[in-house]
Amino acid sequence: MKKIILFLFAVLPFFVFSQKKKLSNIKKHGVKTDLRITSDPVKFEIEKFQKDLNKEYLNPKETPLRGDNFKNFKAHPFFPIDLKYRVTADFVKNENPKPFDLPTSSGKSKSYQEYGKATFTLNGKSYTLTIYQSLDLMKTAKYKDHLFLPFRDETNQKETYGGGKYMDLKIPEGNKIVLDFNQSYQPFCAYNAYDYSCPIVPEENKLPTEIRAGVMYDDIYHH
């Protein structure tokens, strides 16, 4: 019995040190230790999106905010996470995409191509959105699989930016694509119309319904 007790005293400090080291690594890599969050990978992914977006806007090297708007910024307001707005859409790739110029908020244009269309059901109704690919970004290795989904909905000019919202996507492997509106965001122009030129949402991507998900809009110009 004494041998067992002595063994436990011998290994206990190592066990404690091991656990502390694991916690240290978790904190170092930014992973939450709250098991209630990590147990749902989808919600964890959305919460990570929210944290990363706030971190970007708090970083003076990355933020679009200037002056007092940056000084006063604490965090984005978000709609409550609602997995109803995470949909798996039928995806049809455009096999013969043609380059076109997408107008921007500054009056200039940016080159895109129509990559495909995504059709999904929300609240019992079917909707289709066109997904685009930037001709400039596809030339770089980091963004060659990057897709761009600009859209408008009936929350615009109310709880979200009047010009619409954006969503970043990756090229799907098959004929399905996940659209998580909980990870939709306002363009930089919503916060700094002087330094940024943002693509205008095409009319075909205007949804006749409310998408109460993602980043809400705190209008910095009319406080």
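Colleague: Where does Leu102 lie?

Modeller: A strand is a DSSP run of E, at least two residues, numbered from the N terminus. Leu102 sits in strand β2, residues 99-103. Residues are numbered from 1 along each chain as its sequence is written. Keep in mind this is a predicted model, where local features need pLDDT of at least 70, side-chain atom pairs count only at pLDDT 80 or more, and totals for chains, interfaces and linings use all residues, while side-chain values use heavy atoms, with hydrogens and water left out.

Colleague: Is Leu102 buried or exposed?

Modeller: Buried means under 20% relative accessible area, exposed over 50%, partly exposed in between, using a 1.4 Å probe and protein chains only. Leu102 has 3% relative accessibility, so it counts as buried.

Colleague: Which residues is Leu102 in contact with?

Modeller: Contact means heavy atoms within 4.5 Å. Leaving aside neighbours within four places in sequence, Leu102 is in contact with residues including Tyr112, Phe148 and Pro202.

Colleague: And how do I read a nonpolar core?

Modeller: Nonpolar side chains tend to be buried together in soluble globular proteins. A nonpolar core is a set of buried Ala, Val, Leu, Ile, Met, Phe, Trp, Tyr and Cys residues joined through side-chain atoms within 4.5 Å. Here the largest one has 22 residues, and Ile177 is among those that touch the most other members. Its largest share, four residues, comes from β3. Another core, of 18 residues, lies apart from it and includes Phe49 and Phe148.

Colleague: Which residues does Ile177 contact?

Modeller: Setting aside neighbours within four places in sequence, Ile177 contacts Val87, Phe91, Ile131 and Leu169, among others.
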